[in-house]
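Trainee: Could you go through the aromatic contacts with me?
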Amino acid sequence: MSNRLRTPLRPLARILHARQTGGNPDLIERENIRRRHEALRDDWRVMAEQRLLLAACVCLLVFGLVGVRMWAIASEPVAEPVAAVSDARIDAARADIVDREGRVLATNLVSHSLYAQPPLMTEPERSAAELARIFPDLDEARMRDWFTGERKFLWLKRRISPEQMQAVHDIGDPGLQFGPREMRLYPNGALAAHILGGTGFGREGVQSAELIGVAGVEKAFNARLSDPATASTPLALSIDLTVQAVVEDVLASGMRLMNAKGAAAVLMDVHTGEIIAKASLPDFDPNSRPRPLTQGDQGDSPLFNRAVQGVYELGSSFKIFTTAQALELGLVSSETMLDTTSPMTWGRFRIRDFRNYGPELSVTDVIVKSSNVGTARLALQIGGARQKDFLEQLGFLAPTPVEMIEAPGAVPLWPSNWSDIHTMTISYGHGISTSPLHLAAGYASLLNGGTKVTPTLLRQDAPVKGPRVVSERTSRISREMLHAVVERGTASFGRIEGYAIGGKTGTADKPRAAGGGYYDDKVIATFASVFPADDPEYVLVVTLDEPVETSGEEPRRTAGWTAVPVSAEITRRILPLLGLRPTVEYLGDPEITLVSD
């Protein structure tokens, strides 16, 4: 509406003038009405034009915004709607693990998870019944309560097979949905289970889940394996898959044959410290890792790694360290005669030999016949302080630094008060408890020429020499003694035609779990061997828990009857795999006799 002054329809001055001049005053009023209407029409037209312009601008803006949004939606990748979960990015990628030859030990496989959104379900009761048929471990009544309750989201299965996924899809309920998953696959099943350990799920979302290591190298190298920057580079271990398979197969057969409760084996390169094979029985399949025991002895669990976590008194296998130290200190030579009169009395303690070996034996024969008395007398000459220092140099008084999450917890047991009687008993492997891996590393360091090696599960490109622990001469004499043990001593079952094998047996009474003391009929039997004995390449330690050999009239438990035959069969089968050829003895030119022309 115009803001101009309103013009009167019958202005008095014009009306009077019209009457005076004989005009029609009504015409003046009609003219003013016409002009007023024209002015109003002009105002309304301008107002209408302004409104139309405003409406056009609004429509243009709205349609522009809609177009931009439609373009943005069209440019996004197609994806299913996701449930209300954390929007934080979850890195699901995890690097492969391979053996020293590049063969796959652990990798990832794309699978799916199953979850439910009850508000979207059309037939919750039927779906519960069908799911219970597909997954017998799911309770139908509990699922029915979940689906008909107030829950908005719930996980049903973290991993399902393609066949199970198709069966759930056939149910046809929109409230049953699938999320992509990368699962950890161990294609060799239980092979090297204790080395690999296993994985579980950490942070989870509908579209992905974080894989984390829960044991073994999977946990020890979790940061390296889950780092996106190295996810495409496999982690190369030192183990050889074929050798590992042989070691586990023979060890399992030997464990059954010797009626043992458990077994462990460690094969190590004496120059690099690389673990070529490491086994612990009983074992498990890391694809379906069992739960830890909630009661009883954890050492009875298949998850328990006897080769690393198990600390045992390893018996006479320790004697070679005592003789080596005595040789290194110049206290004796290999032919020095020692008093081996049994029993040896020390205060209220008596030390006996398994058999009466006579009044004296040479240092070599103390090892060959495994005399406790002779070893104890050597230990007294060495002294407790020097003995402890030597064992510490060899790594026997601390956990092994091997790359396994279980290793730091395997703390050796040794007396806080290292008295003379402890010095004597420790000299033949009693009163100190270590793992089979400790023993393998100690033998490697002593017999490789005398330099310390550190056990490792990572592939090494070259020998790694540590500090010297004994001279090359002491190392050579120790190898000769161990070879004599196999040729004419307690490990005669360890001989392998064409190969020089050295080793030492160890049979230790097993301590009682409660009440103190030792069992009369339970032992830990160990055989630590080195081959070839004249030029060592590998050390093999085999330990059997509570073995009993029953082929004879009476049960036999000593390592010579139990651990040695098992170790010999392992060695016989892995020698070709390790590329070690037998030594062929030259017998001279054959005589040729002419029989006929």
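Trainee: Is F153 buried, partly exposed or exposed, and why?
Mentor: F153 counts as partly exposed because its relative accessibility is 23%, where buried means under 20% relative accessible area, exposed over 50%, and partly exposed in between, with a 1.4 Å probe and protein chains only. This is a predicted model, in which local features need pLDDT of at least 70 and side-chain atom pairs count only at pLDDT 80 or more, while totals for chains, interfaces and linings use all residues. Residues are numbered from 1 along each chain as its sequence is written, and side-chain values use heavy atoms, with hydrogens and water left out.
Trainee: Which kind of pair do F318 and F396 form, and why?
Mentor: Their ring centres are 4.8 Å apart and their planes are at 50°, so the pair is tilted; rings of Phe, Tyr and Trp (its six-membered ring) pair if their centres lie within 6.5 Å, and planes under 30 degrees apart count as stacked, over 60 as edge-to-face and the rest as tilted.
Trainee: And are those two buried or exposed?
Mentor: F318 is buried, at 2% relative accessibility, and F396 is buried as well, at 0%.
Trainee: Which cluster are they in?
Mentor: F318 and F396 form one aromatic cluster with F321 and Y443.
Trainee: New topic: where does R556 lie?
Mentor: R556 lies over the face of W561, 3.7 Å from the ring centre, where a charge sits over a ring if NZ of Lys or CZ of Arg is within 6 Å of the ring centre and within 35 degrees of the ring normal. R151 lies over the face of W146, at 5.6 Å from the ring centre.
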